[in-house]
Amino acid sequence: MALKIKTFASQKPCTFFKALGHPWVMQALANLKKTPLEAIYDPEGHLEEFLAITNLSRPPLVYVQAIEDLGPQTALITQIQEHRPRKLLILSFEPEKHITHMGHLLPPALDVTSLKELRLPDEKLVDPKNYLSDLNFSTNFAFFRDENGWHTRLKGANCWAKYGSQNVKLWAILFDKEGKRLAEWEESLNPTVSSIVIDSRDLKKRFDLSDFTGQLFVHLTGTKGHSIVKYALDTFHDGGMLSATHDANAWPPEFFSGLPAPREREKVILWLQNSHPIPVPAKEVSLNLMGDGHNVFLKKDIPPFGTYVVDVEEYFPNTHWPQQIELHGGHYFVRPRYEVINSKGYQCMAHINVERNDLKPDLKVKGLRDILGKGYILPAPLFPTDLFTTSLLPTPMSRELQFMPLQVFVYDKEGQQRANHKMGNFPRHSIKALVLNDLIDLGQDYGHVELVYDFDAGEEVDGWLHGLFRYEHKTLPAQAETSFGSHLFNMAITYKNEPQSYKGPPPGLTTGLFLRVDDDIETFCHLIYPTSTSWHPTSETTLILYTREGQPIAESSLKIPQSGSRLWVYQDTFSSVDREKARGGYVIIQDKTCRLFGYHGLRQKSGQFSLDHMFGF
C-alpha cells in the first residue's frame, strides 16, 4: 500500500508533504499529534496526505468547503454550528484566509488550531504569503557515508544566482542509519554561481563524529527561478575505489526499476533511505523480479529518516544477472542507490530509476519513423575494448510495458557507424544483456553506442527507453555502471515535449552541462553528439572553467562530429596555473548549436575509475 501523498499535479510539483514532513518541524508535529483530533476543516484538500504523514486516524468530523467534496464522512463547514465540536484543526499553513471566509460560523467556545504552528520561520521563505510555493521548499536528500575507509562528497553550484537570488543559504542536517540527527548547520552562499561542496571528512572533523552511514538533507533557502536541487555525488575509498552518482528530483515516486541481480560470487546491496518523519512499515515496501507478480516484503520497518540495507541475494537467492528487480517503494524514498561488490572485492555505487505507472505504450511512434528518424536515442560511452568490457542491459521503466523491440548502433569517435545489432523484441520478464565488445573491436580507441527502438521487431514502445551500462576493467578489479533514459535529439520539430529542454518549451537544441572536477584526481568527460535526424556537421562546444567563487577564468573549445564523441581530460585541457586558481571550482559545457549528452568520471593513477551521466545546468 502506497503512502497517500501528492507529488505532482498538472505537471507542477506538490509541496504539502515536504512542508508537513520537513525535519525541522518534527517536534512541532509530534506535539500536534498529542492532541486528540475531534474535527478537521480541510478547505485545501490535504486530509489524506495529513493522515498519511502523521499516521493519525480520521476524526469523527471532517468539514469541507466545496460541495463537490461532500461524501459519506464529510460535512460542509456551514454545518459546524449543528455539531458544535470543542476543537477544530484547520488543515492549512495559512489559516487566516479561511477564517476570513467562515470565522463567523464558528461556535464562540471553539478551540481552533491550524498548521501555522508548523511553519518554517519567514526568514527561511522566498514567498511567505504563499507558503506551499515550491520555491519555499528547494530540498533534496543525498546518501552520505564516512565509514570503514569510505568517504562522500557532494558538489553542485548556486545556480539560483543566475535568476537573481542574492541571499541563498544552505540549511542542512545529517542523519545516521537509525535516523538520529548527527549534525545541523547553516551557511550563506556567495551571491554568484559559486560552488557548493559538502565533504563527509570535513563534517566528521567539524562535528567530532564517529564513523557513520546515513543521509544528508539539504534545504536551499532564498532560491529563485526553480526549486530543483542538483548535485554530483562522489563516494571514494582510502584504497582507491571510486563511484559517482547524482541527485534525483526530490519527489518520492511509487515504483522504481532497474536493480540488477548479482552475478555468481557477487553482491548487490540496495540502500533504502526513508524520506519522511514517520516509519516505513515493512509490509508496505516490496521487491519482485521483473515481470513476476510475486512480491517479497522488507523484513523490518525503517525508522523516520533512517537507512535500511537490502542484500539482494537474501531476498532472491536463486536470481542472477541479467535478471532485474522492481521496487514498490510506496512514495517513501527519493532515490535508492545500490552498490555492486564484484568477485574481486571492488565496490561501486549506482542508482535505480523511477518506474512510471502513468505511461502507456504509444503505438503512434512506429508510424512516425520517417519524421523522427532514429527517434528516441539512449547514448552511452564505449571505452577502449582492449582495456574494458562494456555490457548493456535494457531496463523497462513503465508498469504497462510488456515488450522492448530494440537495436543498437555503434559509432566511432568521428561519427562513423561501425556496427548495427538487432537485439529482438524482449518480453518484459526475459531481457538479455549484450556485451558490446562482441560487436566491435576499438582497440585503444573509443566511441559510443546508441540504444534505439527496432520497429521491424515490434511496435510496443513508450518513449521512456532506459538501459544500464556496466564498464569492467579487463586487468584490474575496477568497474562502474550508470543508467539513464532516452530522448529525441537535435531536431527542429517536437513530439510530446521532446527534444527535451533544460528550461523553457521544447525543442531543446542547446547544451548546458555541469562538470564537477577534482583538484587531485584525474577528471574525464565523454561528450556525445547524438542526432535523431540530420543536424549540424559538427558541434561548436565551449568548455568554461569557473573558480569556486563562480568566476570564469579559462575556456577551451571542441568540435564534435555529428554522431561522434570526444573523451577529454580536465587536467590535459586546462593549464596547471588555471586549475590552481580554480581549486574547488567546476566546468560548464556550453553549445548553442546542438544538444550533447555527457558522462563524467574520475580516474586514479592506479586505474580505478568512476562513471556517471551528467546533468543540465
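The radius of gyration is taken here over C-alpha atoms, and the globule rule against which it is compared is 2.2 Å times the number of residues to the power 0.38. For the protein, with 617 residues, that rule gives a radius near 25 Å for a compact globule, and the value of 25 Å computed for the protein agrees with it. The structure is a predicted model, in which local features need pLDDT of at least 70 and side-chain atom pairs count only at pLDDT 80 or more, whereas totals for chains, interfaces and linings use all residues. Residues are numbered from 1 along each chain as its sequence is written, and side-chain values use heavy atoms, with hydrogens and water left out.

Along the principal axes, the C-alpha atoms of the protein fill a box of roughly 85 × 55 × 50 Å. The secondary structure comprises 11 helices and 41 strands, these being DSSP runs numbered from the N terminus (helices H or I, at least four residues; strands E, at least two). Of the 617 residues, 59% are buried, where buried means under 20% relative accessible area, exposed over 50%, and partly exposed in between (1.4 Å probe, protein chains only). Among contacts (heavy atoms within 4.5 Å) with a separation of 6 or more, 75% are between residues 24 or more positions apart. The side chains include 65 positive and 73 negative ones, and the centres of the two sets lie 2 Å apart; Lys and Arg count as positive and Asp and Glu as negative, while His and the chain ends are not counted, and each charge is placed at NZ of Lys, CZ of Arg, CG of Asp or CD of Glu.

At the residue level, leucine 174 lies in strand β10, which spans residues 169-175, and leucine 174 counts as buried because its relative accessible area is 0%. Beyond its neighbours within four places in sequence, leucine 174 is in contact with residues including Phe144, Arg181, Leu203 and Phe212. Between leucine 174 and phenylalanine 217, the C-alpha to C-alpha distance is 6.3 Å, although 43 residues separate the two in sequence.

Histidine 219 belongs to strand β13 (residues 212-221) and is likewise classed as buried, since its relative accessibility is 0%. Its side chain forms a polar contact of 2.8 Å with the side chain of histidine 22, a polar contact being a pair of N or O atoms within 3.5 Å of which, within protein, one must be able to donate a hydrogen and the other to accept it, with residues adjacent in sequence counting only if both atoms are side-chain atoms. The side chain of histidine 219 also reaches the backbone oxygen of asparagine 136 at 3.0 Å.
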